[in-house]
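Please find below a short note on the model under review. The points proceed from the overall fold to individual residues.

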Amino acid sequence: MGYLLGLIVVLGALWLGLSGIYEPLLLTLSVISIAISILLAARLETVDREGVPYARTPQLFAYWAWLLVEIFKANWPVIKACVRADLDINPALVKVKTRCESDLAKTIFANSITLTPGTVTVEVEGDKLLVHALFEEEATPDSFAKMDERSARAADGRKSSKGEVTA
């Protein structure tokens, strides 16, 4: 029920924020549209922890802030490799095992790898990801461990390696 109420609030705020018009006719149409969307979401059984992850919003924002820093740090080696005349890269494919359990966490982890310059998630199969990287020396499964732990914590609320539980 909490996820349903969260979805109603977010859809209402989105409608009001994007339209900016508060006339009775449009407000009535917004209520009808939101009701239809809620009915469809309930019928499709997508109103759950993964479909409506609003309770995890602070953890997801903290993860995205960390990810932005990692993206900027990864840009420098890629820029240096592209600017050099000899194109100093050593591409590799590596399989990375993830601790993420939910589809949401796996998607966040795979997309985070792809957003990081020099790496692309090629395939996700079960708890393993196939990653293409420009630099073989930096493409070890251990090099993705911190990102895996943080994405699992942000999306699943999993235990960290230090044993602390995040809800």
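The numbered points below cover the basis of the values, the fold, the core and selected contacts.

1. Basis of the values. This is a predicted model, in which local features need pLDDT of at least 70, side-chain atom pairs count only at pLDDT 80 or more, and totals for chains, interfaces and linings use all residues. Residues are numbered from 1 along each chain as its sequence is written, and side-chain values use heavy atoms, with hydrogens and water left out.

2. Overall fold. The chain contains 5 helices and 3 strands, in the order α-α-α-β-α-β-β-α along the sequence. Helices (H or I, at least four residues) and strands (E, at least two) are DSSP runs, numbered from the N terminus. Of the contacts with a separation of 6 or more, 68% join residues 24 or more positions apart; contact means heavy atoms within 4.5 Å.

3. Surface and burial. The accessible surface of the chain is about 10600 Å², and carbon and sulfur atoms hold 64% of this area. Accessible areas come from the Shrake-Rupley method with a 1.4 Å probe, and for residues only the protein chains shown count as cover. Among the 167 residues, 30% count as buried. Buried means under 20% relative accessible area, exposed over 50%, and partly exposed in between (1.4 Å probe, protein chains only).

4. Nonpolar core. The largest nonpolar core has 22 residues, and the members that touch the most others are Tyr 63, Phe 109, Ile 113, Val 131, Phe 144 and Met 147. Two or more residues come from each of helix H3 (57-83), strand S1 (92-97), helix H4 (103-115), strand S3 (128-133) and helix H5 (145-156). Such a core is a set of buried Ala, Val, Leu, Ile, Met, Phe, Trp, Tyr and Cys residues joined through side-chain atoms within 4.5 Å. Which residues does Val 131 contact, leaving aside its neighbours within four places in sequence? They are Ala 92, Leu 93, Val 94, Val 96, Ile 113, Thr 119, Val 120, Thr 121 and Phe 144.

5. Helix H3. With 27 residues, H3 spans 38 Å from its first C-alpha to its last, close to the expected 39 Å; the expected span is 1.5 Å times one less than the number of residues. The buried residues of H3 are Leu 60, Tyr 63, Trp 66, Leu 67, Ile 71, Ala 74, Val 78 and Ala 81, and the buried residues of this helix pack against H4 and H5.

6. The model has 2 aromatic pairs, where rings of Phe, Tyr and Trp (its six-membered ring) pair if their centres lie within 6.5 Å, and planes under 30 degrees apart count as stacked, over 60 as edge-to-face and the rest as tilted. The pair of Phe 61 and Trp 64 is edge-to-face, with 5.4 Å centre to centre and 80 degrees between the planes. Both residues lie in H3, 3 residues apart, about one turn of the helix. Phe 61 is exposed at 52% relative accessible area, whereas Trp 64 is partly exposed at 42%.

7. Strand S2 (residues 119-125) pairs with S3 in the antiparallel sense over 6 bridges; two strands pair if DSSP finds at least two bridges between them. Glu 125 has Lys 128 in S3 as its bridge partner. The hairpin has 2 residues between the strands, and Gly 126 takes a positive phi near 65 degrees.

8. Two further residues. Phe 72 belongs to H3 and is exposed at 62% relative accessibility. Its C-alpha lies 8.3 Å from that of Thr 116, 44 residues apart along the chain. Asn 111, in H4, is partly exposed at 43%, and its C-alpha is separated by 7.3 Å from that of Thr 121, 10 residues apart along the chain.
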